[in-house]
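The stops below follow one another as selections.

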Amino acid sequence: MTEREIKRARLDAVLAAHQLDELVLRAPANLSWYLGGARVNVVPGVPILEVTVGRTSEELRTTVIEAPRLLAEELGRDAPPVRALPWWEPLDPPSDGGAARGSDRPRAGERDVSADMTAARSALTDAEVERYRALNRDTAAAAAAALRDAGPRDSELELAGVAARRLYERAVEPAVLLVAGAERLPLHRHPLPTSAPLGARSMLVVCGLRHGLVSAVTRMRAFTPLTPAERDRYAGLLAVEAAFLDATRPGARIGDIVAAGAAA
């Protein structure tokens with residue numbers, strides 16, 4: 001089966017499980033997944049299209065503004081038929097009498113199937129696995145390149161800017177960029193970059209987005225030798241990470257993996 005056939009079969013299973021006639025996809029993650037990694041928004045989190053999947057039909061609705069680019073650059077040959085609407089009209093599917101309809105972002109009269117959609121996209125296809133491996137390599141390379149170019153006098157914002165550039169050079173969109181220098185590193189779990197200088201220590205966190213997949217990478221750099229206490233703390237951090245990774249195996253339950261890391 002092709003990737004599209006596998007995903008269509010999973011949606012057919014959702015339709016059957018809830019005895020639905022139609023399934024409306026509105027959540028960006030599900031839209032991108034079903035459309036083979038297409039970029040489905042201009043403003044982050046706000047999709048520019050909807051897809052309705054019926055028992056024997058499909059339809060993608062977007063605006064006349066977005067349709068040309070989607071058709072030329074984002075949608076594959078096996079994408080659903082496209083209906084281009086005036087930009088001021090809502091993308092909601094036409095009313096179909098008493099049709100039983102579900103959605104991952106349900107509106108009045110629609111059944112909530114968001115949990116089913118999360119489950120449907122959780123198992124990657126072989127094609128997605130290959131795309132994900134490539135994304136992980138590129139995201140890690142971009143983060144490493146950005147930190148190698150950094151200096152202790154650089155600001156957190158400057159490092160974030162270099163990281164964004166290194167990601168875009170590899171056709172990866174920065175979904176998250178966190179930077180902390182020596183002063184802010186001990187203070188905040190999610191340090192949005194500021195104008196503060198990096199100083200002797202720096203941490204860079206990037207989440208790279210491509211083809212609807214996200215790769216999260218954390219890298220740290222010391223510009224001066226670590227103290228014995230810092231070495232011990234970092235070794236402990238790596239030991240906990242190793243426990244999580246060692247427990248991550250096909251068939252393992254997520255709860256057991258988290259328990260192994262917590263125990264470490």
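Which residues in α1 are buried? Select them: Glu 3, Arg 4, Lys 7, Arg 8, Leu 11, Val 14, Leu 15 and His 18. Keep in mind throughout that this is a predicted model.

**Stop 1: helix α1**

Look down the axis of α1. Its buried residues fall within an arc of 125°, so they line one face of the helix. An α-helix has 3.6 residues a turn, so residues three or four places apart point the same way.

Now select residues 3–18 and check the length of α1. At 1.5 Å a residue, these 16 residues should span 22 Å. The end C-alpha atoms are 23 Å apart, which agrees.

**Stop 2: Glu 66**

Go to the loop between β3 (58–63) and α3 (67–74) and pick Glu 66. Is Glu 66 buried or exposed? Its relative accessibility is 15%, so Glu 66 counts as buried, the cut-off being under 20%. Show its contacts. Beyond residues up to four places away in sequence, Glu 66 touches Val 42 and Ile 48.

**Stop 3: Gly 109**

Select Gly 109, in the loop between β5 (101–103) and β6 (111–112). Gly 109 has a relative accessible area of 80%, so this residue is exposed; exposed means over 50%. Gly 109 and Ala 99 are 10 residues apart along the chain, and their C-alpha atoms are separated by 10.0 Å.

**Stop 4: α5 against α6**

Show helix α5 (residues 126–148) with helix α6 (residues 156–169). Their axes come within 8 Å and cross at roughly 140°. The crossing of α5 and α6 is right-handed.

Which residues meet here? From α5, select Thr 139, Ala 142, Ala 145, Ala 146 and Leu 147. From α6, select Leu 159, Val 162, Ala 163, Arg 166 and Leu 167. By class, this contact has eight nonpolar, one polar and one charged residues.

**Stop 5: around α6**

The 14 residues of α6 should span 20 Å at 1.5 Å a residue. Its end C-alpha atoms are 20 Å apart, which agrees.

Colour the buried residues of α6: Glu 156, Leu 159, Ala 160, Ala 163, Ala 164 and Leu 167. They cover an arc of only 140° around the axis, which puts them on the same side of α6.

Just after α6, Ala 171 takes a positive phi of about 60°.

**Stop 6: Leu 209**

Stay with strand β8 and select Leu 209. Leu 209 has a relative accessible area of 28%, so this residue is partly exposed. Which residues is Leu 209 in contact with, leaving aside its neighbours within four places in sequence? Show Val 172, Glu 173, Ala 175 and Val 214.

Finish with one more distance. Leu 209 and Leu 226 are 17 residues apart along the chain. Their C-alpha atoms are separated by 33 Å.

Conventions: Residues numbered from 1 in each chain as written. Predicted model: local features only at pLDDT ≥ 70, side-chain atom pairs only at ≥ 80, totals over all residues. Heavy atoms only, no water. Axes fitted to C-alpha atoms, helices over the stretch in contact; angles between N-to-C directions. Helix = DSSP H or I, 4+ residues; strand = E, 2+ residues; numbered from the N terminus. Left-handed = near helix turned anticlockwise from the far one by under 90°. Contact = heavy atoms within 4.5 Å. Nonpolar A, V, L, I, M, F, W, Y, C, P; charged D, E, K, R; others polar. Buried < 20%, exposed > 50% of the residue type's maximum accessible area, 1.4 Å probe, protein only. Expected span 1.5 Å × (residues − 1). Arc of directions from axis to C-beta.
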